[in-house]
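This briefing concerns the structure shown below. Please read it alongside the sequence.

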Amino acid sequence: MNKLYIKLMAANIKNGKKFYLPYILSGVLVVTLFYNIQAIYYNEGLSNMSGGRDVEIIMSVGSKVIGIFSFIFIFYTNSFIMKRRKKDIGIYNILGMEKRHIAKELFVETMAIAITIIVCGLATGIVFDKFLMMFLYKLLGFETSIKFIISGKAVCNSLILFIILYFIVMIYNIMQVKMSNPIELLRGSNVGEKEPKTKVFMAITGFLCIGAGYYIAVTTENPIAAISLFFIAVLLVIIGTYCLFTAGSIALLKMLRNNKNYYYKKKHFTAVSGMIYRMKQNAAGLANICILSTMVLVMFSTTVSMYIGEEDILNTRFKAELNINGKSGQPADSTNIVKMAEDEIKKQGRKILKEYEYTHIYIGGIMNGNELDTEGEEGIKYNFSDITFINLLTKDDFKKISDIDAGDIQDGELKLFGTSKYNEKEIKFLGLEYKVKESIADNKFSKLESNAAKCYFAVTDGYAGLEKVADKLREENIDDIYNYGLHIDIDGTADQKKQCAKALSKLLGNNDKTGFVNVYVESREENKSSFYILYGGLFFLGIFLGTMFLMITVLIIFYKQISEGYEDRERFIIMEKVGMSKKDVKSSIRSQIRIVFLLPIAVATIHVAAAFPMTRRLLAMLNMSNYKLYMICVLATVIVFAIIYIIVFLLTSRTYYKIVGEENR
């Protein structure tokens, strides 16, 4: 009997190789991806390197995402296989095989496929592990030899995950047989959908959800708030996409059907009527393709832009090679700290290329109308995203950091510069009232302030204006009011710059002679490696996850074309028998698949365009202020993905036409 099960399994896989082969290959790729990302996570050489901990955290997140999507992906593709198998299983049942025998055959088949996928996936992962580690080290800037190691923990975790996954798949497949009767099984692959009703409420819900998601994405200006609202906007867009593809598409198709000039043409008649007939099933698949396409586009565009723009990000976060910061309670004389810094830099053999200093007062609070409440209401907890920050500085210091001449500013006036426009004519804080002479909004001001919350540079005429604010702060017993920054660019190699920064830090830290307290030194060169590791790791993860989402999208398109080809074949045979030519059949097929499969990529592109303002602000949290670069990456990603999508579309369309237009002729 066991040999019979093996023969049946072999015959089924051989006869249905066009279904099983993509299923097995995609499963192997999923196992490979999971093993590789786990192997990187457990790599001892990486964990011992500077910044390796950041990479471990990124890979840990990637492992969880790939693990979750492995379940979704395997179950989704398995459903296509089972739909084609139901008719065969029904025949076995009618010919005398009991359900327990069919269950055994499914057990043998599922386990054989699972073992093949897991073994091949692990073997492929092990073979390519060193290559991927070399690629990752290249991205991170690590220069060290890589040993070929098989990660026992990665193998063990992969075995546990995919054995559990395929065991659940096996139980699901057996339950499908147990709960069905032979007649249902025979008709399982040919069950169509009744013509769905136009669901007005669902269509309206879809429009409202997508509209709300778009509104959040476009109007949320605060990057901190964007983090918490991002997932809400994503959820609304996902719900809206499913509703619109399900209800909105039906409404659109019925409108086309009611248009007699359009509908009563041979190539449109069968396409529109066929899609209406099973639109409920189509809608879910198309929505999945649309959402996955959106994820691919966002994943690739953001991670690529961050990786390419690493230098811009580093320059945004660190205004110069050496950044010396301190505090004081009074407008301190900076002569000593400047001389000490310059002398130490010369002592280290370095040459100063550029140097500037500025002093500012930093206050924050809740903006109510035109008043900044620095205390808040008692009993109310505020989020960081609710806070507005104001950087007060003189027009001379503002010109040093921005190269912008603020012009004439009178006593009692301020000029506000920020990433968003201040629309009130006056601004009040700490009991003081100022006339807003001008408010200018420009994204370039984010480069001057690394803090991602809502922030304005409030420019006064001179230090007299700052002292008014300082007096108010002193009344509240606040010390160290003034923030001082000295920014110096120097020559030298990376090691020489690091050595100079360490010497300055040792000299100036806790030194009373500087005239400031809490003095610390930040070096761009010292932090460069950690930035490269972070963004290189994110780029690597983006490639991993983007590849997986792209693979899922391609496979869904493939299975959808194949399964619908078999469902449509009988209908088109009937149409030919009643007088429709092969040319007309082919024209009708092209019209149908063009409408069905080009719609998701078009909607996905609209989603990405609507999400652009929010993702741009999220990137600001990571000091990515080069929005032109991000826009270029988005456009390039959309173009490349559209080319891949169209190629897949054309290839699967040929398969669809073979099934519908040529088989059984």
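What percentage of the 665 residues in the protein is buried? Buried residues, those under 20% relative accessible area with a 1.4 Å probe and protein chains only, make up 51%. This is a predicted model, in which local features need pLDDT of at least 70, side-chain atom pairs count only at pLDDT 80 or more, and totals for chains, interfaces and linings use all residues. Residues are numbered from 1 along each chain as its sequence is written, and side-chain values use heavy atoms, without hydrogens and water.

**Overall architecture**
- The protein contains 20 helices and 10 strands, taken as DSSP runs (helices H or I, at least four residues; strands E, at least two) numbered from the N terminus.
- Of the contacts (heavy atoms within 4.5 Å) with a separation of 6 or more, 83% are between residues 24 or more positions apart.

**Helix H6**
- Helix H6 spans residues 152-178, 27 residues in total, and its first and last C-alpha atoms are 39 Å apart.
- This reach is close to the expected 39 Å, the expected span being 1.5 Å times one less than the number of residues.
- Its buried residues include Ala-154, Ser-158, Leu-161, Phe-162, Leu-165, Tyr-166, Val-169 and Asn-173.

**Strand S5**
- In strand S5 (residues 413-418), 6 of 6 residues are buried.
- Glu-413, Lys-415 and Phe-417 cover one face, while Leu-414, Leu-416 and Gly-418 lie on the other.
- S5 pairs (at least two DSSP bridges) with strand S7 (residues 432-441) in the parallel sense over 6 bridges, and Leu-414 stands opposite Val-436 in S7.
- S5 runs antiparallel to strand S8 (residues 454-460), joined by 4 bridges, with Lys-415 opposite Val-459 in S8.

Terms used: Buried < 20%, exposed > 50% of the residue type's maximum accessible area, 1.4 Å probe, protein only.
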